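Subject: Structure for you to look at

Hello,

I am handing over a structure that you have not seen before. Please look through it first, then read the notes below.

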Amino acid sequence: MSLEYYKKQMVDLRAKLQKEKDAKKKDNERYAALVKGASSPSSKAYYRKSKIEHAASHDRQIESIKRQIESCKESIARERKRK
């Protein structure tokens, strides 16, 4: 692959990371509002559990993207060394 390809991939991955962070923030705000507005203790507990599960899912996705970024950085370094 070319250096330009990896640079473009890096830009795309960074945008994807930011998008995932924004999605996590939006979900957290939404679930916080649901918890606050819930009328019964059981529904509050359900929303809290859902909030934790969704936040963990976003965290896993964010970590995956960070690993992809590191891999891309290594590829860029390899390409520069080769030239």
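What follows is a short account of what was found.

This is a predicted model, in which local features need pLDDT of at least 70 and side-chain atom pairs count only at pLDDT 80 or more, while totals for chains, interfaces and linings use all residues. Residues are numbered from 1 along each chain as its sequence is written, and side-chain values use heavy atoms, with hydrogens and water left out.

The helices α1 (3–37) and α2 (41–82) come up throughout. Helices here are DSSP runs of H or I with at least four residues, numbered from the N terminus. The expected span of a helix is 1.5 Å times one less than its number of residues. For α1, with 35 residues, that gives 51 Å, and its end C-alpha atoms are 51 Å apart, so the two values agree.

How they pack

α1 and α2 pack at an angle of about 170°, with their axes 9 Å apart. Axes are lines fitted to C-alpha atoms, for helices over the stretch in contact, and angles run from 0 to 180 degrees between N-to-C directions. Angles over 145 degrees count as roughly antiparallel, and α1 and α2 are therefore roughly antiparallel to each other. The contact of α1 with α2 has 17 nonpolar, eight polar and 15 charged residues. In that count, Ala, Val, Leu, Ile, Met, Phe, Trp, Tyr, Cys and Pro are nonpolar, Asp, Glu, Lys and Arg are charged, and the others, Gly among them, are polar.

Buried residues and the core

Buried means under 20% relative accessible area, exposed over 50%, and partly exposed in between (1.4 Å probe, protein chains only). The buried residues of α1 include E20, D27, Y31 and V35, and the buried residues of α1 pack against α2. In α2, the buried residues include S43, S50, A55, H58 and E79; the buried residues of α2 pack against α1.

The largest nonpolar core has 10 residues: L3, Y6, M10, L13, L17, I62, I65, I69, C72 and I76. Both α1 and α2 give two or more residues to this core. A nonpolar core is a set of buried Ala, Val, Leu, Ile, Met, Phe, Trp, Tyr and Cys residues joined through side-chain atoms within 4.5 Å. I69 is in contact (heavy atoms within 4.5 Å) with M10, L13, R14 and L17, leaving aside neighbours within four places in sequence.

Y31 is found in α1 and is buried, with a relative accessible area of 9%. Leaving aside neighbours within four places in sequence, Y31 is in contact with Y47, S50, K51 and H54.

K51 is found in α2 and is partly exposed, at 28% relative accessible area. Not counting residues up to four places away in sequence, K51 touches N28, Y31 and A32. K51 and E29 are 22 residues apart in sequence and 9.3 Å apart in space, C-alpha to C-alpha.

E70 is also found in α2 and counts as partly exposed, at 41% relative accessibility. E70 and M10 are 60 residues apart in sequence, yet 9.3 Å apart in space, C-alpha to C-alpha.

Regards

Conventions. Angles under 35 degrees count as roughly parallel, over 145 as roughly antiparallel, 65 to 115 as roughly perpendicular and the rest as oblique.
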